[in-house]
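Here's a quick briefing on how the chains of this model meet. Have a look at the structure first, then read on.

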Amino acid sequence: MIFARRAWSVVWKDLLVERRSKETLNALAFFSLLLLFVFQFALGPDRERLAAALPGLLWLGFVLAGLLGLGRTFVLERENDCWEGLILAPGDKSAIYVGKLAANVTLMLVVEGLILLLFAVFFNVDLAPALTGLALVMILGTVGLAAVGTLFAAMTAQVRARELLFPVLLLPVQVPVLLGEPLGAVGHWLGLLAAADVIYIVTGLLTFDFLLES
Amino acid sequence: MTRVLGWLAALALLAGLGMAFAVAPREATQGTVQRIMYVHVPSVWVAYCAFVVVFVASIAYLATRAEAADRLAHASAEVGVLFTGLTIATGSIWGKPTWGTWWTWDARLTSVAVLFVMYVGYLLLRGMIDEGERAARYAAVLGVVAALNIPLVHFSVLWWRTLHQPPSLMKPGPSSMPPVIVRALLVNFAAFALLYLYFVAKRIRLLRLEGEAGA
Amino acid sequence: MGDNWGFVLAAYALAAIVLTGYWRHLVRRERELNAPVAGHPPGAPGAPPRQQ
């Protein structure tokens, strides 16, 4: 299928560029480490208060890293004058969306895994019992965040003050994911996250073409 | 035509005021303060209707590229944000004497706050794109996404709250409403709806004028 | 619970102020946009000079 091949080439290109430069991954990894400090300092020496806040802080870390990482989705194309190339690409542009989405989800899951590891080590959290549930919620939540984030990144790519507008647009739309992730253990939350993911992806597939018209 | 609408709206608003203060009874548990409901609830109903209109107009624009659809979406979003802000403000004023606080993260207030922020973002996006056609297109996409998000936000916030608080702490107001109160609500809703139509009509005319003037 | 008339008035006054304010904004903008047709060309950059 041409669609799948096109999408795959976008994924491959993005991941290859990332693997070579490691620009985004390094910056996000370092950012995650800094988050640890920020959270520790913000919540003070009270160990119990910190322990109670940990699930929320974890997802907060994911979201902040996601905002930074997702906002950069089209930055390479923009900086290297490839935006017109995207617009002029023949055929179904939503293949580009799928490719970018897959690359973003991969990148974000790697960063989130790193954040999880840092949390486990520095905050002395035992993850083993909750790991499968956690992984499931992480995947569902990340897909949702990336589905809308990729769409909005394309929308704000050519806009003035894009770094400001992107989070402003993304955060309210992500409220279901933000609320669902910390509480993901409960059954119907997984259902909500899954439903949100489906809605976001389908919407992205249907509307991405409109963003890349000349 | 628009002027007729305006006069109708004004009359209906007066009728609504009458219903709210003269006809509707004084509520037992909350007292007079409960009358704020007659401006708070119709306001939020109109806001939701406004954003449904934005949704439909956005789809219509993406399908037909008719400028009229774009103008409708833009105008409806602006008036919708106006009424949403009014909902939050009146809700807050109502909450202070009844709950003892200006704000609480209960399900309904939180949902409406998220709604407000989403559509302010919509207006910001429009403001930040200079080319008219691209602004219309991008805003239409956002209009679709935001509207589809409304039920998701509603349920996630609802479950988030019921998980932490008993339902009795939800929005104050009579749980089963006597008909006279329902009637007062409906009259005010009709009044606000007419006002919405009037505002949207005027705003669309302004957009058309702005387009012609090259502003 | 007391009557809290102050709050009721505050809420309705706020609604009145906001809605009237928006209405006046719309009316004023419309007047501005309609006025230049009389012969004062709008100062919009890039507006072509009128051919009489």
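**Chain contacts in brief**

H6(B) and H1(C) cross with a left-handed sense. Keep in mind that this is a predicted model.

**The H6(B)–H1(C) pair**
- On the chain B side, H6(B) brings Leu195(B), Phe199(B), Lys202(B), Arg203(B), Arg205(B), Leu206(B), Leu209(B), Glu210(B) and Ala213(B) to the contact.
- H1(C) answers with Leu19(C), Tyr22(C), Leu26(C), Arg29(C), Glu30(C) and Leu33(C).
- Sorted by class, the residues of this helix contact come out as 9 nonpolar and 6 charged, with no polar ones.

**Chain C against chain B**
- Zooming out to whole chains, 22 residues of chain C are in contact with 26 residues of chain B.

**Chain B against chain A**
- Here 26 residues of chain B touch 24 residues of chain A.
- Which elements give two or more residues to the chain B side? They are helix H4 (107-128) and helix H5 (132-164) of chain B.
- H5(B) supplies the largest share of that side, with 17 residues.
- By class, the side of chain B that touches chain A holds 22 nonpolar, 3 polar and 1 charged residues.

Terms used. Residues are numbered from 1 along each chain as its sequence is written. Chains are lettered from A and ligands numbered from 1 in the order in which they are written. This is a predicted model: local features need pLDDT of at least 70, side-chain atom pairs count only at pLDDT 80 or more; totals for chains, interfaces and linings use all residues. Two residues are in contact if their C-beta atoms, placed from the backbone, lie within 7 Å. Helices (H or I, at least four residues) and strands (E, at least two) are DSSP runs, numbered from the N terminus. Ala, Val, Leu, Ile, Met, Phe, Trp, Tyr, Cys and Pro count as nonpolar, Asp, Glu, Lys and Arg as charged, and the others, Gly among them, as polar. A crossing is left-handed if the near helix is turned anticlockwise from the far one by less than a right angle, and right-handed if clockwise.
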